[in-house]
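Hello,

Here is the structure I promised to pass on to you. Please open it next to this email and look up each residue as you read.

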Amino acid sequence: MRIKITFLLFIIYGFTFSQKGKIYGFVYDETESIIPNATIYFDSIDKIIYSNSSGFYNSPKIEMGKYDVFFYAFGYEKKLVRINIDSLQNKIQNIYLNEINYKLEEYEFTEERTFNIRRLRAIEGVMITQGKKSEAIDLEKTDANKAVNLSRQIYAKIPGLNIWESDGAGIQLGLGGRGLNPSRNSNFNTRQNGYDISADALGYPESYYSPPSEAVKEIQFIRGAASLQFGPQFGGLINFKLKNGNPNKKNETTFRQTLGSYNLNNSFLSTGGTIKKWKYYSYVNYKFGNDWRANSNFNVKNGYISITNNFNEMGSINLEFTKMNYLAQQPGGLTDQQFNLNPDTSLRTRNWFKVDWNLAAFNLNYELTSSTKINSRTFGLIASRESLGYLDQINRADPMLERNLISGQFKNIGNETRLIHLYEKRNLPWAFLIGARIYKGKSKGIQGEASNGSDANFQFINNKQSISSDFIESNYNFPSLNFSLFAEHIFNLSEKLSITPGLRYEYISTSAEGNYRIEYPDLAGNIVFDTVININRTNDRDFLLAGIGFNYKISSKIECYSNISENYRSVNFADMQIRNPNFRIDPILKDERGFNSDLGIRGKIKDIVYFDASFYYLYYNNRIGTTLETDSSLFNTYQYRTNISKSRTLGVETVLEINWTNFSSDKKTYNLSTFLNFAYNDALYISSNEPAFFGKKVEMVPPVILKSGINFSLKKLSISYQFSFNQEQYTDATNAEKQSNAVIGKIPSYSVMDLSVKYNYKKVQLEAGINNLTNRIYFTRRAVGYPGPGIIPSMPRNFYVCLAIKI
């Protein structure tokens, strides 16, 4: 009997002490306003959790007993609470923190001296970035001409970016890295708040829309290793994280008015706030003016609204809508001789470009537990782009006949759902992410003849779009379907070393359905042959991509990272129907495959030095590029787009920022910092069926890209100076020096200086600046089609002034 009783007591004892409980509640300040992202630390078990954006926290199940729990948040006093978990019932514990108060006679407040660039956290929302090369730019702390989205200032601390400057208004963004084409970010997966914004992610991944910089809180970059989570593009991810409503105000309104050279007029108005469980933010942006050349006026309208409802402590839903519409006259390109003699010349008076972009997204965020989150984004696009004008070579005068009209219509819808779970193994935090994506797109492209006038009349002759009309040159539909599954896992093998492997499965189906016209003229220009070719082809494929990342912490602020990930880029069907005298496309183009790899070290030394230095290697198989060919009938030259060969690009990407003021612990009213951004790129074709390409340099790869700058601030005044340099680069695979039509040839080295000034007084901010301080005459691209063809000169010296009011 004694043995039985002892055994029973042992079972009861073991059962009791194996029971677990949990606590949950809200973190408030003294006024009972929520405190988001507060840290909750369980001392005896070394466990950390965080409150969410609604101030709610929910612990995992822990053994019953007494715990010392520390609650703290930036700007609030740390609070120790002794909590006794003695029941299976969940324990409600609401916490109130006191704000830190400073006596004005003892402390002088100055702006926080932090860097405006950071690496992404190992787990950023529902993204895993451990072991990847990543950057994030804080736009609030960036001095730049935001009214025209001046890329060389905004992205000054992102190493290795080759930037196209296609217009002085900053309407279209052109970023390329590691030898990838900058055309409308086509080699990046470009997103806004985590969802796609490009025309067609598969068939036409170009972004005619990018949000105004004044509405952006942060721009996030993940290089080629982003292929596992965000799609297989070689360039990686660019995510524009827009501003949100102020969590501590019912309403906050910002108005910015910018005036600049060449009649630039930019008005930006935003409003947002939080009312109980509702958070909202919206903006409108209207911009008009002229570029510095004749025939280059523009008119841009942007609008956005976001509404979020926190339906309970664990979840929220969000609805967003974006509208962008613009009309721009395009002055055309120049030949090399024309550029050298008179870069402000315009040889095209009838070229126009129009874009209408409509984006919608529905987001669901739900915290299943404090360590498990799910995010589901459903998004859709209805958009159009239309270009109108005379497309022939720029060294031929406009005959003032019927213009060429290219119309693109885009519709797509998709959903991407992610689940991330954090857990402990051997007292170390581990995490995994799984996700799925489905995407369906339908693009339509029509090219034909339009009116012979000079106005912006985007109508085909007789308003007919069928190939049966003699005025229609091509008419295509491009349906596409994509399904993918992806997973990544962080294995922390020790407190210093982690491994993050990942896999992505992709199924892609792209089709081209339509027809195009072939015409052959005689020497007098009379049509002697006219026929219509019908096309109906589908390309289905599926494949698996793999990658792995490594991370080693040298200290709490410094780490080494390395990764290698496979990449893939499908043939761009949406380009293949366009007829252009300067440009032709291989009808049997093949998809591109390859991989990206990085090896680097990054971190901060106190609040004095921020650095990131890395070596990269990018391998491309079946790389699509351009070569120079001659028409056998007309004997004119044109660019031919085909699978050139295998290529490899390797280089170094470094950024270093030093805050000289923080070398001293003494409190100062001024701040002085400098930065250096340096990239070296070596890109070669290493294998080709054409001996003429072997060993040639890959086009659009400046060997050296350098940016440096200095910022000085004194109390409310801030002054920034920046120097930018790009070394010369080729624009085709044959490395041609120059051609009479200026579509291909070298882009010479250039350097540019910019100066910005900012002054704050209470709720008013005054900004001013001079871009291209020394009035350098240069260009960054040779356009094959619009906005050329030919050399597109960049802006000369120009000025801007901005008045901003926040209430």
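Salt bridges number 42 here, where a salt bridge is a side-chain nitrogen of Lys or Arg within 4 Å of a carboxyl oxygen of Asp or Glu. Side chains of opposite charge can pair when their charged atoms come close. Before you go on, please note that this is a predicted model, in which local features need pLDDT of at least 70 and side-chain atom pairs count only at pLDDT 80 or more, while totals for chains, interfaces and linings use all residues. Residues are numbered from 1 along each chain as its sequence is written, and side-chain values use heavy atoms, with hydrogens and water left out.

Start with Arg-118 and Glu-218, whose side chains form a salt bridge at 3.1 Å, N to O. Arg-118 belongs to strand S11 (residues 117–118) and Glu-218 to strand S19 (residues 216–222), so this pair links distant parts of the chain, 100 residues apart. (Helices, H or I with at least four residues, and strands, E with at least two, are DSSP runs numbered from the N terminus.) Are the two partners buried or exposed? Glu-218 is buried, at 10% relative accessibility, whereas Arg-118 is partly exposed, with a relative accessible area of 22%. Here buried means under 20% relative accessible area, exposed over 50%, and partly exposed in between, using a 1.4 Å probe and protein chains only.

Next, find Glu-657 and Lys-157, which meet in a salt bridge at 3.0 Å, N to O. Glu-657 is in strand S37 (residues 637–659) and Lys-157 is in the loop between helix H2 (151–154) and strand S15 (161–163), so the pair ties together parts that are 500 residues apart in sequence. Both Glu-657 and Lys-157 are buried. There is also a network of salt bridges that share partners, made of Lys-133, Glu-135, Arg-178, Arg-223, Asp-598, Asp-612 and Glu-653. One of its salt bridges joins Lys-133 to Asp-612, with the closest N and O atoms 3.3 Å apart, and these two residues are buried.

Now for the rings. The model has 34 aromatic pairs; rings of Phe, Tyr and Trp (its six-membered ring) pair if their centres lie within 6.5 Å, and planes under 30 degrees apart count as stacked, over 60 as edge-to-face and the rest as tilted. Tyr-283 and Tyr-304 are stacked because their ring centres are 5.5 Å apart and their planes are at 25 degrees. Tyr-283 sits in strand S23 (residues 278–290) and Tyr-304 in strand S24 (residues 297–309), 21 residues apart, and both are buried. Another stacked pair is Tyr-326 with Phe-353, at 6.4 Å centre to centre and 20 degrees between the planes. Those two belong to one aromatic cluster together with Tyr-204, Tyr-208, Trp-357 and Phe-410.

Rings can have charged neighbours here too: Arg-602 lies over the face of Tyr-561, 4.1 Å from the ring centre. The rule is that NZ of Lys or CZ of Arg is within 6 Å of the ring centre and within 35 degrees of the ring normal.

Finally, look for an open sheet of six strands in the order S11-S14-S19-S20-S17-S18, with mixed pairing. Two strands pair if DSSP finds at least two bridges between them; S14 and S19 pair in the antiparallel sense over five bridges.

Enjoy exploring!
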